[in-house]
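Hi,

Here is the structure I promised to pass on.

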There are 2 protein chains.
Amino acid sequence: MHRTHVKVLEDVLDANGTIAAANRDDFERAGVTVVNLMGAPGAGKTTLLEQSLRQLAGVRVGVLEGDVASTLDADRIAHLHVPVVQIDTDPGFGGECHLDANMVRSALPSLPLAELDLLVIENVGNLVCPAEFRVGEHHRVMVSSVAEGEDKPLKYPLMFRACELVIVNKVDLLPHLDFDLGRYLRNLDAVHPGVERLLVSAKTGEGVDAWRDWLVRAAARDAVPA
Amino acid sequence: MHRTHVKVLEDVLDANGTIAAANRDDFERAGVTVVNLMGAPGAGKTTLLEQSLRQLAGVRVGVLEGDVASTLDADRIAHLHVPVVQIDTDPGFGGECHLDANMVRSALPSLPLAELDLLVIENVGNLVCPAEFRVGEHHRVMVSSVAEGEDKPLKYPLMFRACELVIVNKVDLLPHLDFDLGRYLRNLDAVHPGVERLLVSAKTGEGVDAWRDWLVRAAARDAVPA
């Protein structure tokens, strides 16, 4: 790596941390719990979110959608009559591959924070950079699809270490894949020993109730009423 | 986006273009065709590469593996007795999410370029930044798994536009997915009209011969004997 590039990254991460702390203050003042939902493209983040939002009666949820292009995901969430704001990360090149604290900050005025218990931020599909940029969230959660293979924890360790919950999605495909679940879980424990995990299928609904319960508990535990 | 960040990106891309051109000159002097193979994490790039390398008799192939962490992929390729060099993109943070021209340049002395007809560079699994950084390649190819969903061309358009060939992988899973292949191909044509595509299953071998033939043709067409 070029030294200049590393220095620039350090400065960027420094500034990001300052803005993330300001976001966090705003979230706590409003009494809203914030979850940063990450994962590879096509891991099933949006489908899982749709499924759990349908079951989240009693919790006032908002969603922030980060995407390089298109409003497809935001449109899907809006369909569920949930407040949703889209952050378009395309600054003129191919687009930013992650959300940063400043992008999230720019979206805050568009969100009815005071009326929410829970805000889910769906990050850009990527297993590298989103783990490097805090956005002011309380919890980092990732969705990992079994179709991606058993080796992913070893190949993208920072992401698997950064999260406190790993949702292992698309388990309905297990009979059709050469995927050794035991080996995957051993790889997961090798990079993040004992991290909480949920086996789910956003398609069949298997395990989605456990994820919904996790969200309900997180919202209740972190809420700091204004 | 912060203006400073955009300016830094412009400078980085500028320098990258200069180094990519130098790499390209070296490749052409050595008479080696270079393919930059991209795709999301778990799309099946390495498995597909393993399958096609086994069938590439008569073509002298080398591989450059870009990974954030672990030598898992490089080890798999080395097993096939193919010259392989690993580029570890981790500079101390969570790792770079793409290869750039300078990383590739740093690996060139470790490759027996003069003894190769074809060099395949397997990029970091990511649908955003790898499309922004040329590394001196002749061809850009992406692997897109049907397990990732039909909407991916619309959500990551630069990647799908940057490539001249899209390998639609894991078609063996089609009976088990809610995936409308017709809709996916229409989305693909919407962002890159008429782009060449191959339907393959690295698992069953379906279509892998067409990909091997593509590589053989590319190697023959571009080779500039020293």
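To start with something you can check on screen: are A:F179 and A:Y184 buried or exposed? Both A:F179 and A:Y184 are buried, where buried means under 20% relative accessible area, exposed means over 50% and partly exposed lies in between (1.4 Å probe, protein chains only).

Before the rest, some housekeeping. This is a predicted model, with local features needing pLDDT of at least 70 and side-chain atom pairs counted only at pLDDT 80 or more, while totals for chains, interfaces and linings use all residues. Residues are numbered from 1 along each chain as its sequence is written, chains are lettered from A and ligands numbered from 1 in the order in which they are written, and side-chain values use heavy atoms, with hydrogens and water left out.

Back to those rings. Searching the whole structure turns up 4 aromatic pairs over all chains. In the pair A:F179 and A:Y184, the ring centres are 5.4 Å apart and the planes sit at 45°, so this one is tilted. (Rings of Phe, Tyr and Trp, the last by its six-membered ring, pair if their centres lie within 6.5 Å; planes under 30 degrees apart are stacked, over 60 edge-to-face, and the rest tilted.)

Now the two chains. Chain B superposes on chain A by a rotation of 180° with 0.0 Å of shift along the axis, RMSD 0.0 Å; that is the relation of a two-fold axis. In chain B, the C-alpha nearest the axis belongs to B:N126, at 3.0 Å. The superposition is by least squares on C-alpha atoms of residues with pLDDT of at least 70 in both copies. As for the interface, 100% of the interface residues of chain B are also interface residues in chain A, so the copies meet through the same surface.

The largest nonpolar core has 54 residues, and those with the most contacts inside it are A:F160, A:V166, B:F160 and B:V166. Such a core is a set of buried Ala, Val, Leu, Ile, Met, Phe, Trp, Tyr and Cys residues joined through side-chain atoms within 4.5 Å. At least two residues of this core come from each of α6 (157-162), β6 (165-169) and α7 (181-191) of chain A, and likewise from each of α6 (157-162), β6 (165-169) and α7 (181-191) of chain B. (Helices, H or I with at least four residues, and strands, E with at least two, are DSSP runs numbered from the N terminus.) Leaving aside neighbours within four places in sequence, B:V166 has contacts (heavy atoms within 4.5 Å) that include B:M142, B:F160, B:Y184 and B:L188.

Helix α7(B) is worth a look down its axis. Its buried residues are B:Y184, B:N187, B:L188 and B:V191; they fall within an arc of 100°, so they line one face of the helix. The arc is that of the directions from the helix axis to the C-beta atoms. On the other side of α7(B), B:R186 and B:A190 are exposed. The buried residues pack against β5 (139-145), α5 (152-155), α6, β6 and β7 (196-199) of chain B. At the N-terminal end, B:D180 caps α7(B) through a side-chain oxygen 3.0 Å from the backbone nitrogen of B:G182.

B:R161, in helix α6 of chain B, is partly exposed at 47% relative accessibility. A polar atom of the B:R161 side chain lies 3.1 Å from the backbone oxygen of B:V191.

Two buried polar spots in chain A are next. A:T46 is in helix α2 (residues 45-54) and has 6% relative accessibility. Its side chain makes a polar contact of 2.8 Å with the side chain of A:E122. (A polar contact is a pair of N or O atoms within 3.5 Å; within protein, one must be able to donate a hydrogen and the other to accept it, and residues adjacent in sequence count only if both atoms are side-chain atoms.) In α2(A), 7 of the 10 residues are buried, so the helix is largely enclosed by the rest of the structure.

A:K152, in helix α5 of chain A, is buried at 6% relative accessible area. Its side chain joins that of A:D151 in a polar contact of 2.6 Å. Leaving aside neighbours within four places in sequence, A:K152 is in contact with A:F160, B:P41 and B:G42.

Lastly, some backbone angles. B:H81 has a phi near 60°, positive in a residue other than glycine, and is exposed at 76% relative accessibility. B:K170 has a phi near 65°, also positive in a residue other than glycine, but is buried at 14%.

Cheers
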